[in-house]
Amino acid sequence: MRVLRGAGPPVAFAALVVAAWALLTAVTGIPESSLPTPGQVAAALWDDRAVLADNAWVTIGEILVGYAAAIAVGLSLAIVIHASRAVERAVYPWLVVSQMVPIVAIAPIFVIWTGFDLRPKVMVIALVAFFPLAVSTIDGLKAADPELLRLLRTLGAGRVTRFRIAQWPAALPSVFSGLKVAAALSVIGAVFAEWVGSGEGLGYLVLTYNNQVATADMFAVIVVLGAIGIALYGLVLLAERLVLPWYHDERRAL
Amino acid sequence: MTLEARGLGMTFAGGVTALDGLDLRVEPGEFVAVVGPSGCGKSTLLAMFAGLLTPTSGEILVDGAPATSLLGRAAYMPQRDCLMPWRTVLDNCAVGLELAGASRRQARERARAEVGRFGLEGFEDRRPAELSGGMRQRAALLRTFLAGRDLLLLDEPFAALDALTRRDLQDWLRDVAEADRRTIVLVTHDVTEAAYLADRIYVLTERPGRVALEETVEPPRPRGPEVLASPEFAALQRRLLVTLGFA
């Protein structure tokens, strides 16, 4: 019920935007190739449903594998960096650099290395999505109460035990913040990776429709991509509620 | 166990000397209070007894022998309750048992057996955020007791509580300490609290802290509220306060 009530305002806002959009196209008579009406987009969604579904599954697969890779890389880097001051000093600056290098320049290299299959997509997604997760996890691991860590030491807890009992649980809210940002970036990464080198997927479909000036169909693809992004984000949110009930209870109590 | 500090000193890396030449002795089963102005190094002293800090001079003797590592020998209760918000009250209290190697179930069972005495009945499965300040402190004390050590080190356990809750918890700690005889070192800045609960009191000087006064409290504990009103008790409190610099 809480979720349904929470969905009210954003749905109402979306309805408002769609209404304004419909009004705009009706009043200005703007051509379909520039801005299709909501009705035309809906029609394109229906007419293209088979193509959209086929390509959506491809993109969803890339996103899930890429996201999983980003999580694996992001979390393990964060833990290693947290565990070792030497690794932090040696590696952390290069993580930042990895985000400074334009992905546009790197993605074609991935394609050269690996070809047109799933691998370059996973690499692009992991590269754009691991960073916010790693950074927020590192910050979260630092956030554990030092007094609690001292207390655990007096109770005989070694480094690994302190990590398991105190630092990791304390970091989880930050980990989930990172997971949410990474989820959104995974969708962007997948579309971009398909632009660089792919013969299928929703990103590829956007390019194809763009070349045909099939604007309503392009909008339809964007709607599907948005839905995928929202669904992934929703799953992360759901997992957060399940894993961190204490965190939400505490914040409600405030 | 017998705990003894000989010429104990602590100078931090920044050059601040918290303690200098402190001598102190705690007999087995004794309740010793350490009173001092804030910043006199009482928390530093407790951290050294807990094995978290190594003294820069002097030594700590346990049962007459120099202690190499005190870590894990005493149950330490820091100033803040340090309850983990993601664990239930019961699992917070049982953490010491868990770390000592008990299974989670065993640890919970043993903790559950004690919640009544610690006034936490009905709150075992709540999270710390749902508890009042007094109950949180009780849960922290239960965690300290359940660590299963002979020596308890309590760092101003009631400092953050309102006056009424503090009185209540002092009476309660008195009863628990009576029923469950362990060696207790209580650090406090509350003269009345020290005189009410302890067998013996050390008053420390301002930083760098050393012993300014040692007093044995009469009559022996446990003491009731009537003691608080006695002239002897008033005189003792006065001596403590004068030592602390209040005329």
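Of the contacts in chain A between residues at least 6 apart in sequence, 77% join residues at least 24 apart; two residues are in contact if their C-beta atoms, placed from the backbone, lie within 7 Å. The model is a predicted one, in which local features need pLDDT of at least 70 and side-chain atom pairs count only at pLDDT 80 or more, while totals for chains, interfaces and linings use all residues. Residues are numbered from 1 along each chain as its sequence is written, and chains are lettered from A, with ligands numbered from 1, in the order in which they are written.

Chain A holds 11 helices and zero strands, where helices (H or I, at least four residues) and strands (E, at least two) are DSSP runs numbered from the N terminus. Its C-alpha atoms fill a box of roughly 75 × 50 × 30 Å along the principal axes. Of the 254 residues of chain A, 35% count as buried, that is, with 20 or more other C-beta atoms within 10 Å of their own C-beta atom, all placed from the backbone.

One helix pair can be followed in detail. Helix α4 (residues 85-100) of chain A packs against helix α6 (residues 118-142) of chain A at an angle of about 140°, with the axes 10 Å apart; axes are lines fitted to C-alpha atoms over the stretch in contact, and angles run from 0 to 180 degrees between N-to-C directions. α4(A) is therefore oblique to α6(A), a class for angles that are not under 35 degrees (roughly parallel), over 145 (roughly antiparallel) or 65 to 115 (roughly perpendicular). On the α4(A) side, L95(A), S98(A) and Q99(A) meet L127(A), F131(A) and A134(A) of α6(A). These residues divide into four nonpolar, two polar and no charged, with Ala, Val, Leu, Ile, Met, Phe, Trp, Tyr, Cys and Pro counted as nonpolar, Asp, Glu, Lys and Arg as charged, and the others, Gly among them, as polar.

Turning to the partner chain, the contact takes 18 residues from chain A and 20 residues from chain B. On the chain B side, β6 (74-77) and α3 (95-99) each supply at least two residues, and the largest share, three residues, comes from α3(B). By class, this side has 15 nonpolar, three polar and two charged residues.

Within chain B, strands β1 (residues 3-11) and β2 (residues 17-26) pair in the antiparallel sense over six bridges; pairing requires at least two DSSP bridges between two strands. E4(B) has R25(B) in β2(B) as its bridge partner. Five residues lie between the strands of this hairpin, where G15(B) takes a positive phi near 100°.

Methods
Buried ≥ 20, exposed ≤ 12 C-beta atoms within 10 Å, placed from the backbone.
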